[in-house]
Amino acid sequence: MEKVAGGINASSWAGLPLSVRLFSSTIGYPLIVTQEDTMKDTDIKRLLYTNLLCIFSVFLSIFIPSFFLDNFSILETHLVWLGTCSAFVTGANLLLYLVVKPNVSSKRSSLSHKVARVVRCWLYFLASCFFLHIIFVLYGAPLMELVLETFLFAVVLSTFTTVPCLCLLGPNLKAWLRVFSRNGVTSVWENSLQITTVSSFIGAWLGAFPIPLDWERPWQVWPISCTLGATFGYVAGLVISPLWIYWNRKQLTYKNN
Amino acid sequence: MRLGSGAFAASCVAIEVIGVAIFIRGFFPAPVRSSARPEHGAETPAPEPVAGVSSNWTKLPPPLFSKVVIMLIDALRDDFVFGSKGVKYMPYTTYLVEKGASHSFVAEAKPPTVTMPRIKALMTGSLPGFVDVIRNLNSPVLLEDNVIRQAKAAGKRIIFYGDETWVKLFPKHFVEYDGTTSFFVSDYIEVDNNVTRHLDKVLRRGDWDVLILHYLGLDHIGHISGPNSPLIGHKLSEMDSVLMKIHTSLLSKDRETLLPSLLVLCGDHGMSETGSHGASSTEEVSTPLLLISSAFERKPGDVRHPKHVQQTDLAATLAIGLGLPIPKDNVGSLLFPVIEGKQMREQLRFLHLNTLQLSKLLQENIPAYEKDPGFEQFKMAERLHGNWVKLHLEENHSDILLGLGTKVLRQYLGALKTLSQSLSTQVAHYDIYSMAVGTLMVLEVLTLFLLSTPHVLCRKAELDVPLLSPVFSLLFYLIFLVLSAIHVLVCTSSESSCYLCNLPWLAAGAVMVLVSALFCAILSALIRMVTDGTLLRKNATVASSGWSEVNLLLLLGTVGHVLSLGASSFVEEEHQTWYFLINTLCLALSQETCRSYFLGDDCEPQHHFQVEQKCVNVLACTLQDSTSCSTPESESDTAGKRASLLEAHRSCKWWTVLASPWLVLICCRLLRSLNQTGVQGAHRPDFSHWLTSSDHKVHLSGLAALSLVVIFILVQKGCSLVSKVALALGLLGVFCYRAAIGIVLFPWQPDNKGISKGITEARFVYVFVLGILFTGTKDLLKAQVIAADFKTKIVGLWEIHSGLVLLAALLLRPHNLPVLAFSLLIQTVMTKFIWKPLRHDAAEVTVMHYWFGQAFFYFQGNSNNIATIDISAGCVGLETYMEVPATFLTVFGTYVGPVLWASHLVYFLSSEGNNGSALSRACFCYALICSVPVATYIVLVTSLRYHLFIWSVFSPKLLYEGMHLLITAAICAVFTATNQTRHSRA
């Protein structure tokens with residue numbers, strides 16, 4: 001299924017100019033304005049498509065498992081869904097990374113370097129999972145009980161936040177800090193990354209609100225409301241970021257370092 | 001009239017306290033209570049009144065019924081029995097109503113139409129007010145005199161099946177019971193089968209006197225699908241068959257016994273058109289009351305409308321029917337048809353007992369009882385009654401006797417009705433007028449606060465308060481006149497008692513003056529805002545551009561918390577809100593520290609007020625800019641401030657700064673698992689339970705000793721030598737006190753036997769508390785007299801803080817001592833590594849202190865439930881109960897968190913900012929942030945006054961909020977006093 005989706009997307013993006021950015025930086029000043037505008041527009045369009053693919057992967061994770069599992073539902077077999085959702089979103093992100101390659105890859109591309117890079121990405125991902133788990137416990141998640149649930153929530157939230165960061169920026173803490181500081185964004189992609197990450201966190205944060213209410217609903221159980229909140233936040237971020245960037249495209253100026 | 005913003009805030013909060021007090025007084029009407037407590041044993045019943053000679057009938061009249069079955073159907077509305085639904089689905093009951101030996105009434109329930117208060121009303125005959133809850137400190141047991149208690153005392157055997165609220169209200173009163181829970185609202189079959197399944201067995205046995213059945217199914221159906229659902233019909237048919245079963249069984253038993261039995265069918269409250277209940281609509285308050293007994297006369301073809309009576313009348317009727325004394329707090333009157341068939345002498349006797357009880361209650365609750373028409377009627381009836389008995393005893397059986405008797409009867413019934421009415425109007429109603437005046441005052445103060453906020457925060461810490469302006473004086477007098485006119489109008493027209501109207505005219509007039517003065521102040525503030533609106537607008541745009549994440553979080557968090565108070569669950573679980581907020585605050589602070597240390601370049605000069613203050617790198621060039629609004633005296637201090645800042649920056653390593661928010665987070669997580677509080681988590685095992693169990697005394701002792709040591713280490717650094725010694729001895733005394741009362745152990749005395757009250761040890765500590773507080777005050781005063789003695793002042797403030805810490809250490813239970821230690825630790829860490837290096841401004845620091853204070857209120861195990869107040873704190877070091885010190889100690893023990901954080905705030909701001917405006921600004925912010933929740937909550941509670949949980953959830957929170965506001969007023973006064981010394985120094 002993933003392959004099919006990838007095929008469709010790959011074909012639709014084949015015609016898009018990949019080197020607009022490099023091109024624009026070499027042209028002299030009078031042309032820059034218009035060139036940058038067109039570059040931005042095409043970038044925003046591509047961003048929209050990639051984000052739609054990510055949203056699609058979230059929806060796939062809801063519907064695909066029900067073909068294989070008998071009584072699959074988000075609430076009752078929540079852990080399964082968490083696993084599949086995280087796998088699908090990671091898959092989509094990796095696919096996008098391989099196909100679109102939004103960031104300029106490093107010059108050294110020996111095999112050992114690539115392997116080291118992948119290993120470091122893995123380590124970063126695991127570290128972020130544990131880090132988020134610790135934060136959840138600090139926020140009051142039970143320490144001993146429901147460990148698997150809490151950890152899977154951490155995995156899902158890092159899938160929504162860390163995995164796109166790793167894909168776009170690589171295991172490079174400096175770059176992460178730059179993107180998430182004020183006025184540190186250098187491209188449409190990074191701007192979108194910033195928005196989706198923050199909205200995922202805010203979604204998870206807001207998701208904790210209904211837990212103390214006495215409605216006795218199945219989705220109020222820890223961590224379901226938080227995972228749902230994070231998912232909604234992620235999807236909302238994916239939808240909002242291209243729109244927001246498009247809306248503010250006149251104000252946004254990216255420093256090309 | 002110029003006023004510092006601190007003094008302005010303090011006076012505003014003081015006015016707000018008055019407003020809240022008036023509101024609370026109107027919200028919780030004083031209950032009608034008999035002063036004689038039921039524990040005093042059975043009194044001799046009142047004898048029959050006789051003119052001249054004494055009566056030969058002094059004992060209580062014998063019971064009228066041998067057995068009583070009370071069949072209570074939750075949410076049974078009157079038309080379910082008497083209306084078309086009753087005819088359709090309850091044929092047997094309809095037959096009994098129309099043709100059988102029965103009396104039917106429509107009993108009116110008083111709001112709140114919720115099960116528990118209604119059960120209380122049915123069984124005590126009184127109208128439970130919220131003050132009862134306070135008096136019982138939320139113990140679910142019904143402490144007032146009631147029918148069940150009297151029946152048990154008289155040796156009646158009572159059996160109960162149904163809603164387990166009864167079992168909680170009357171523990172150990174039933175010889176046999178089976179409580180069903182009303183928790184699963186979606187179940188309406190099983191819950192009733194669990195009651196009915198016992199019925200056959202019990203009816204066959206007959207070894208009981210009173211049988212109570214409480215059916216919940218109908219209420220559950222109402223909650224699910226409303227009163228027009230087809231399920232209602234099925235349920236009514238089921239109830240009808242149950243009633244038939246009981247009635248036939250009773251009838252067959254009646255033939256064997258001398259006395260007949262009584263079957264009561266009633267509802268506790270009605271059901272609104274949407275199926276809920278709690279409020280005061282006609283559908284919710286009308287319940288059927290059907291009394292069935294073979295003693296009653298059959299009424300062939302009598303289909304008139306049932307009479308309207310009060311729900312409270314059942315208690316007196318049951319008491320008379322079972323031959324018991326009438327409950328002392330009863331305000332209901334006997335249902336006369338029940339005794340109609342008896343002899344005249346007995347009838348008169350019953351009526352006399354009931355009227356006497358009501359008139360006694362009236363005497364105890366109304367000062368001018370002699371003028372009450374009911375009381376006059378009663379005296380008259382009693383005299384006539386005496387004459388009648390005299391004639392009767394003279395064996396004068398004539399028509400005259402009958403005529404006189406009927407006259408006495410009518411007199412008694414009139415007296416009963418009037419007495420009952422004047423007693424029940426005493427309670428039952430919210431005193432809307434007082435509530436409205438209180439709300440008006442609070443809202444006016446809040447508006448004034450909000451209007452002056454931009455002025456105080458953006459410009460200078462002084463305010464023009466135009467109280468004496470002649471333009472407004474005319475308006476002021478006009479408003480005052482209008483208000484007085486309204487007051488007179490309301491007081492003369494209202495029937496129920498009203499607190500404000502009962503006040504002396506002078507006091508009521510003072511309230512009116514306050515209200516109108518506040519109104520004028522608001523108007524002038526508005527005009528001032530409009531006149532310099534352009535300037536403000538410019539400032540506002542500048543300020544909004546400089547909002548950092550932390551500021552946004554502080555604002556949104558406060559607003560969110562205030563809004564969350566509208567949901568009962570959020571009130572119950574308010575601790576979760578605060579824990580969540582301070583955790584998020586710590587994360588935001590951590591992000592801020594990261595940003596300022598890894599990328600120090602994001603602070604650009606155009607961010608005016610907040611941003612550059614926390615940024616160390618660019619501080620030197622922009623500090624001038626940021627303090628341009630402060631008074632000129634600060635200019636001379638700027639250099640010193642900069643030096644101290646750079647020094648602080650150099651002294652603390654970067655990693656300590658980065659790690660400190662995480663340390664705070666870990667502390668909060670540990671504290672959270674110390675005490676489980678709230679409603680949902682209260683039953684979960686927590687660390688404090690583990691510690692307080694007797695097996696773990698050694699651990700508790702170790703932990704307490706460790707906490708005391710940590711407290712000493714953290715507090716001693718700022719004290720003078722004398723205070724250090726006093727503090728050490730005091731903390732030692734705290735441990736000795738806990739050892740003396742046998743909670744902790746000395747290592748050299750593993751099993752102490754002599755457990756005392758620890759009076760000596762506790763007083764020993766009190767001496768040191770007072771000593772340290774005295775030293776601190778002396779230092780403060782010295783700093784005021786000897787100018788430019790800045791250091792003495794700081795030491796004095798810290799000593800006052802440490803005196804409060806010592807008192808808190810004494811009052812908190814040993815397992816809560818870690819809370820105190822962690823609180824001091826967090827204060828130290830935040831001061832050293834976050835507030836000082838990051839240069840938060842006074843407003844931010846104030847809000848953070850407030851948040852932490854609130855969180856620590858819950859960390860020590862408090863909740864919004866009255867049951868969690870630790871009353872034992874009030875007895876520390878007192879031989880006997882003394883009201884004033886005990887109240888003070890209990891309040892301090894409960895509000896340790898907010899008070900300590902506020903006192904730390906005073907110290908921190910005094911030691912930090914050398915300009916006085918910071919402190920008065922902080923005082924203003926503190927007052928504002930405390931009064932916003934109170935004002936909002938008062939409005940919320942008024943609109944939710946018929947909510948299902950008004951008594952159990954919202955009212956206790958209202959009391960907590962009121963008390964918190966009072967403490968805030970005290971804190972603001974201290975703020976202002978401290979600030980005053982500074983001004984005089986300058």
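Tutor: Pro223(A) lies in the loop between H9 and H10 of chain A, where helices (H or I, at least four residues) and strands (E, at least two) are DSSP runs numbered from the N terminus. The model is a predicted one, in which local features need pLDDT of at least 70, side-chain atom pairs count only at pLDDT 80 or more and totals for chains, interfaces and linings use all residues, while side-chain values use heavy atoms, without hydrogens or water. Residues are numbered from 1 along each chain as its sequence is written, with chains lettered from A and ligands numbered from 1 in the order of writing.

The peptide bond from Trp222(A) to Pro223(A) is cis, with omega near -5°. Most peptide bonds are trans, and most residues other than glycine have a negative phi. In chain B, Lys172(B) has a positive phi, near 65°; this residue lies in the loop between helix H8 (165-169) and strand E5 (176-180) of chain B.

A cavity is a set of points on a 1 Å grid over the protein atoms alone where a 1.4 Å probe fits but cannot get out, and its lining residues have an atom within 4 Å of a point. Grid points are joined across faces, edges and corners, and the volume is the space filled by probe spheres set on them. The largest cavity has a volume of about 280 Å³. Of its 18 lining residues, the closest to the centre are Asn93(A), Leu96(A), Pro164(A), Leu168(A) and Trp189(A). The lining has 13 nonpolar, five polar and no charged residues, with Ala, Val, Leu, Ile, Met, Phe, Trp, Tyr, Cys and Pro counted as nonpolar, Asp, Glu, Lys and Arg as charged, and the others, Gly among them, as polar.

Confidence is expressed as pLDDT, the predictor's confidence in each residue from 0 to 100. Among the elements of chain A, H10(A) has the highest mean pLDDT (93) and helix H1 (residues 2-13) the lowest (36). Chain A as a whole has a mean of 80, with 80% of its residues at 70 or more. Chain B averages 81, and 83% of its residues score at least 70.

How values were computed
1 Å grid on protein atoms, 1.4 Å probe; cavity = no way out; pocket = protein on both sides within 12 Å on 5 of 7 lines; lining within 4 Å.
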